[in-house]
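Take a moment with the sequence and the model.

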Amino acid sequence: MAGLVERIGRGFRRHDPEYDALRKAARAAIVIPIAFAIGKYWIDDAQAALFAVFGGFALLVFADFPGDRRARAGAYLGLSVVGTVFITLGTLVSRVGWLAVVSMFVVGVAVFFAGVLSAAISAATRAALLTFVLPVATPGPAGVIPERLAGWAVAIVCCVPAALFLFAPRHHNLIRRRAARVCEFLADLLDGTGNPAVARAATEELQTSYLASATRPVGLSAGGRAIIRVIGDLRWLTDRLTTPSAQAGSPEQSSRVLRCAAKVLAGDDAAVRAAAREGLEAAVLELDSARDREFEGFSAVTGATASTRHAATIAVLTAHAIDSTVAITGRIVAWSAAADARPVFDRLLGRQTR
């Protein structure tokens, strides 16, 4: 029995390494019965209880919005408004069979098509459809709309705070936190004070956490998707900088870019991230200038043998590639922070991503 329990535990840890699925299930198991009890015994209406339960599933199980708490709160607010409209509309068309079918087709196409606008809308498609499918599939007179909306309101009041504060998801910021650690360790290597083994271990942890994640890529914001592009660059930089023969052409400027990128990635406060992003953009421009000056002065290396010239040329080109990759990484991190700093409405509609 002990061996069986251990194997089951290993299976859960392998498929849910950050316990996000467990937290999500536990949160739904705690909150949805409370919403049902309020609809059933406090409002004392079967329609209210039904929509409180299914509204809870829509908000806690089907919806998984990206971004920080403020962005997720805005997304839940938008879903609440859409759900109110869909419940009302679904109830009104439910009494006429052909109208219900046509409405379901139109709403389904519109909702799935709207998912291309942004990751937040894409994450809400199933939850939004449930708020229309349920009322349109359970015909009722227009007089039941207040009770159905009351149940939806109970679900919102109970489930939205739970989604934001109870067992809040950690996977949305996991990649950023680990990428920030890698940037710090790589900056130490450029300064000559780092440990190559520590840098390689941090990079391996970053890559493993991304590959083992069960939540990519739908649950990612525009900024989060940009950070994914950094993983490969950080992997390449780690491979180069932990090799004794590879050196950056402008180590001081490259180190500054990586440290500024780490501050942007690890910043929890919006004001701190904004200030760090300005410093990062300035550091990237400084690195670009230093790298270009270094490479402009490069000419064919003369030496005693062809092998010597070849080795010197490879060293210069490698240094240029390292500086360029650091600059690209800094630009992507800065763009990611700018994308996540957009107003909630722009993020919901996928606007101002450039």
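How many of the residues of the chain, in percent, count as buried? The figure is 43%, for a chain of 354 residues. Keep in mind that this is a predicted model. Buried here means under 20% relative accessible area.

Now look at the fold. The chain has 14 helices. It has zero strands.

Next, ask which parts of the chain touch.

The accessible surface of the chain comes to about 17,800 Å². Carbon and sulfur atoms account for 65% of that surface.

Finally, go inside. Rolling a probe the size of a water molecule over the atoms shows where empty space is left. How many cavities of 30 Å³ or more does a search of the whole structure find? The search finds two. The largest cavity has a volume of about 50 Å³.

Which residues line the largest cavity? They are Phe51, Phe54, Gly55, Ile87, Leu130, Thr131, Leu134 and Trp152. Two elements give two or more residues to this lining: helix 3 (46-62) and helix 6 (119-137). Sort the lining by class, and six residues are nonpolar. Two are polar, and none is charged.

Conventions
Residues are numbered from 1 along each chain as its sequence is written. This is a predicted model: local features need pLDDT of at least 70, side-chain atom pairs count only at pLDDT 80 or more; totals for chains, interfaces and linings use all residues. Side-chain values use heavy atoms; hydrogens and water are left out. Helices (H or I, at least four residues) and strands (E, at least two) are DSSP runs, numbered from the N terminus. Buried means under 20% relative accessible area, exposed over 50%, partly exposed in between (1.4 Å probe, protein chains only). Accessible areas come from the Shrake-Rupley method with a 1.4 Å probe; for residues, only the protein chains shown count as cover. On a 1 Å grid over the protein atoms alone, a cavity is a set of points where a 1.4 Å probe fits but cannot get out, and a pocket is an open set with protein on both sides within 12 Å along at least five of seven lines; lining residues have an atom within 4 Å of a point. Grid points are joined across faces, edges and corners, and a volume is the space filled by probe spheres set on the points. Ala, Val, Leu, Ile, Met, Phe, Trp, Tyr, Cys and Pro count as nonpolar, Asp, Glu, Lys and Arg as charged, and the others, Gly among them, as polar.
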